[in-house]
Amino acid sequence: MIHFEREVFDPVLIEEMLKQFQHVNIAMNDEDGYPYVVPVNYGFEIKNEKLLVYVHCIKRGKKVDLLRKDPRVCLEFSAFNDFPDRPYKGHRHDYRSVIAKGVMRLVDAKDEYETFRRGYELLYVCNDRPITPLESRKGVPNMYIGKIECDWNDVTAKSEFPLRTREDVPFVNVYEVEEDTTPFDIRDLIVTAKEWQKKEK
């Protein structure tokens with residue numbers, strides 16, 4: 001990573017970033033050698049040093065066919081904030097991104113009801129919608145819940161603006177703050193990034 005000082009290591013900050021995104025792009029291995037990518041909404045939780053991402057899909061189609069042959073996926077979450085006419089601290093845009101590699105398992109309610117229900121509920125929660133309890137529906141939806149399990153070592157994140165606390169994660173509305181041309185002081189983040197890199201080696 002060239003701009004290593006922009007990498008986000010703190011799991012607390014990464015979790016907060018995942019709450020900000022609207023959808024995830026899922027890349028699967030297609031038979032022609034090219035990645036096959038689809039955008040979907042998602043829910044997630046972090047348990048036992050693993051990022052668990054939940055998505056839903058109908059029980060037939062190209063996505064399901066590819067996953068049955070090769071369940072390995074790459075996830076891309078991102079958001080971009082552009083303000084070319086109002087530079088802020090030397091920047092004309094800001095972004096947040098998280099990349100994760102994992103394995104997707106298709107969960108059928110007939111076989112794993114509790115896992116299906118957990119994913120179903122998180123999809124509602126993470127999209128800020130009131131939950132319609134599964135038990136209150138006339139029938140279980142005819143779909144799969146895709147449960148994607150990612151080891152935390154396979155999760156990376158970046159932010160253009162420096163992030164130190166949860167409060168730093170939402171984008172700054174540069175049109176509502178005073179003009180500021182002073183560059184960010186990121187000396188502490190550079191030290192932290194170098195320490196993390198030593199740990200990884």
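Is strand 1 (residues 24-29) mostly covered or mostly open? I find it mostly covered, with five of its six residues buried. Buried means under 20% relative accessible area, exposed over 50%, and partly exposed in between, with a 1.4 Å probe and protein chains only. Strands (E, at least two residues) and helices (H or I, at least four) are DSSP runs numbered from the N terminus.

Ground rules. This is a predicted model, so I note that local features need pLDDT of at least 70 and side-chain atom pairs count only at pLDDT 80 or more, while totals for chains, interfaces and linings use all residues. Residues are numbered from 1 along each chain as its sequence is written, and side-chain values use heavy atoms, with hydrogens and water left out.

**Entry: partners of strand 1**

I looked up pairing next; two strands pair if DSSP finds at least two bridges between them. Strand 1 runs antiparallel to strand 2 (residues 35-40), over six bridges. One pair I noted is Asn-25 with Pro-39 in strand 2. The two strands form a hairpin, with five residues between them. In that turn, Gly-33 has a positive phi of about 95°.

Strand 1 also pairs with strand 5 (residues 72-82), again in the antiparallel sense, over four bridges. Here I find Ala-27 opposite Cys-74.

**Entry: cysteines**

How many disulfides does the structure hold? I count zero, a disulfide being a pair of cysteine sulfur atoms within 2.5 Å. For Cys-74, the nearest cysteine sulfur is that of Cys-150, 8.7 Å away. Cys-150 is likewise in no disulfide, and its nearest cysteine sulfur is that of Cys-74. Cys-74 is partly exposed, with a relative accessible area of 30%. Cys-150 counts as buried, at 0%.

**Entry: Asp-94**

I placed Asp-94 in strand 6 (residues 93-107). Why does Asp-94 count as buried? Because its relative accessibility is 1%, and the cut-off for buried is under 20%.

I then listed its polar contacts. A polar contact is a pair of N or O atoms within 3.5 Å; within protein, one must be able to donate a hydrogen and the other to accept it, and residues adjacent in sequence count only if both atoms are side-chain atoms. The Asp-94 side chain makes one with the side chain of Arg-96, at 2.8 Å. A polar atom of the Asp-94 side chain also lies 3.0 Å from the backbone nitrogen of Phe-161.

For contact in general I take heavy atoms within 4.5 Å. Leaving out residues up to four places away in sequence, Asp-94 touches several residues, among them Ala-79, Phe-80, Phe-83, Ser-159 and Phe-171.

**Entry: Thr-115**

Thr-115 sits in helix 3 (residues 113-125). It is partly exposed, at 21% relative accessible area. Not counting residues up to four places away in sequence, Thr-115 touches Arg-105, Val-107 and Lys-147. I also took one distance: Thr-115 and Arg-137 are 22 residues apart in sequence and 17 Å apart, C-alpha to C-alpha.

**Entry: positive phi outside glycine**

Asn-48 has phi near 50°, a positive value in a residue other than glycine. I find Asn-48 in the loop between strand 3 (43-47) and strand 4 (50-58). At 72% relative accessibility, Asn-48 counts as exposed.

Asp-128 also has a positive phi, near 55°. Its loop runs between helix 3 and strand 7 (143-151). Asp-128 counts as exposed, at 73%.
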